[in-house]
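Subject: Structure for you to look over

Hello,

Here is the structure I promised to pass on. My notes on it follow below.

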Amino acid sequence: MLNLPRVFKFEKHKVIDFKEYLSKHLIEIHLVRNQSSKMNCSTCNNLMEPGHGSYKVKVQHMPIFTNHCYIIFRRQKGFCKFCKKVRTEKLNFLSKQTPHKTLDYAWWVGRMCEISPVAKVARILKEDSSTTWRLDYKRMKAMLSSYRIPKISRICVDEVYARRKLKKGETRDDLFITVICDLDTRRVIWTSSSRRKEALDEFFLIIGKNACEKILVVAADMHDAYGASVKEHCSNATLVWDRFHVMQSFDNAVNETRKTLHGETENGSNTQMLSRGKYRFLFLKKASRRDQTEQRHISDLMTENEDFFKLELVKERMHDFFNARSVTDAREIFDEIGGWIWQSGFTILHKWHNYMTSRWETLKNYFIYRVSSGLAEGMNHVIKTLKRSGYGYRNMHYFKLKILQMCGYLNSKYITDPQML
Ligand SMILES: [Zn+2]
């Protein structure tokens with residue numbers, strides 16, 4: 001026969017009864033304390049004097065098949081000389097986060113929250129979703145206390161837009177989280193609040209001066225704050241702008257340009273002629289049969305289209321730019337793009353190109369270190385999923401930990417011992 005007491009092992013206690021209420025999907029395990037066991041204080045862990053009473057507790061444990069499971073026993077109280085108070089006994093099988101759950105159960109709830117949104121986990125466990133959320137949050141906080149940032153030499157820093165509403169005294173920078181990844185393992189190793197210089201400073205201060213000096217490459221977006229922090233803390237590091245972010249800023253400039261081109265056509269006298277049907281109709285009409293106004297509309301449209309066409313060319317060439325084999329090739333292409341932009345009279349793109357030229361010393365580093373942009377893109381994707389699944393990211397600290405859990409090492413794949421919680 002199955003030896004139940006051995007399966008259900010609870011420190012300082014033995015199983016005396018096992019009650020099944022299968023119609024209610026409920027199992028109760030009754031325990032009794034071994035009289036001879038010593039008693040430790042739940043607050044300071046020192047030995048206590050026994051004999052200060054006890055009270056009955058019902059603690060939720062891992063489900064057995066489809067049945068909820070509770071362990072029932074009397075929790076002892078004793079006098080702690082160090083706390084100078086009557087305290088409850090410390091029991092290692094109870095969750096430190098809540099005395100109403102066992103450690104195994106709390107760990108398992110958190111384990112489920114690693115792969116599924118809190119609301120869904122709560123539904124499956126028939127738990128309150130705020131209780132589940134709290135368990136998950138506390139578990140991650142406990143994990144963080146034993147978390148060590150791994151050794152690194154190439155990192156990637158990115159800002160992530162975390163929430164919409166500003167709280168009192170905050171600026172737009174506070175709506176972001178700074179995410180730091182290891183470029184070699186492609187995992188998130190740290191997250192800090194805001195996208196200010198201080199956010200990255202915090203990371204460098206945590207890892208210490210020696211570790212900072214071992215950092216050789218920092219890939220970041222074109223945010224000046226990060227650049228300043230890298231310059232201050234990492235004397236051996238080269239700052240590289242990654243392709244994803246450079247292209248993002250380029251695409252923004254292209255879109256703005258496109259808008260002005262559309263704007264110019266819409267504000268012109270030909271607004272009516274631009275509606276799709278008429279536009280097509282005009283093109284289909286034989287040139288000789290168009291009247292004078294129609295002919296003018298057509299040539300106006302052609303000029304406008306020429307601008308769109310030039311814009312298309314600039315865009316294409318920009319993709320070649322990132323495929324350039326050397327810094328010299330890259331510069332050649334970049335100057336060529338600049339020429340095209342200037343000739344076409346695209347003011348917004350011209351401004352963008354000028355800025356990039358002034359920062360060539362950083363921009364060129366991409367062609368030396370070639371950091372991949374997949375990481376930044378992937379990160380952005382994961383975070384969008386996180387937000388969509390309603391992980392309660394209104395609490396920024398929780399959200400930061402969740403990113404570390406989903407994309408980093410703060411999870412049961414890397415921290416395997418429930419006892420450390
Ligand atoms: Zn104590």
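This is a predicted model: local features need pLDDT of at least 70, side-chain atom pairs count only at pLDDT 80 or more; totals for chains, interfaces and linings use all residues.

Ala-219 stands opposite Val-240 in strand S11. S10 and S11 (residues 238-241) pair in the parallel sense, over four bridges. Strand S7 (residues 154-161) also runs parallel to S10, and four bridges join them. Here Arg-154 has Val-217 of S10 as its bridge partner.

Which way do the side chains of S10 (residues 217-220) point? Val-217 and Ala-219 go one way, Val-218 and Ala-220 the other. All of them are buried.

Val-218 leads on to the core. The largest nonpolar core has 58 residues, and Val-218, Ile-155 and Cys-181 touch the most other members. Helix H2 (residues 103-115) is the top contributor, giving six residues. Where does this core lie? Domain 2 (154-242 + 373-420) and domain 3 (243-369) both give residues to it, so the core lies between them.

Cys-181 deserves a look of its own.

The buried residues of H10 are Ala-330, Phe-334, Ile-337 and Ile-341. Seen down the helix axis, they fall within an arc of 60°, so they line one face. An α-helix has 3.6 residues a turn, so residues three or four places apart point the same way. The face turned away from the buried side carries exposed residues: Thr-328, Asp-335, Gly-339 and Gln-343.

Gly-345 follows H10, with a positive phi near 70°.

Last, the hairpin. Strands S1 (residues 13-21) and S2 (residues 26-33) run antiparallel, joined by eight bridges. Val-15 has Leu-31 in S2 as its bridge partner. Four residues lie between the two strands of this hairpin. In the turn, His-25 has a positive phi of about 55°.

Best wishes

Notes
Residues are numbered from 1 along each chain as its sequence is written. A nonpolar core is a set of buried Ala, Val, Leu, Ile, Met, Phe, Trp, Tyr and Cys residues joined through C-beta atoms within 7 Å. A residue is buried if 20 or more other C-beta atoms lie within 10 Å of its own, exposed if 12 or fewer, and partly exposed in between; C-beta atoms are placed from the backbone. Domain bounds come from an automatic or database domain assignment. The arc is that of the directions from the helix axis to the C-beta atoms. Two strands pair if DSSP finds at least two bridges between them.
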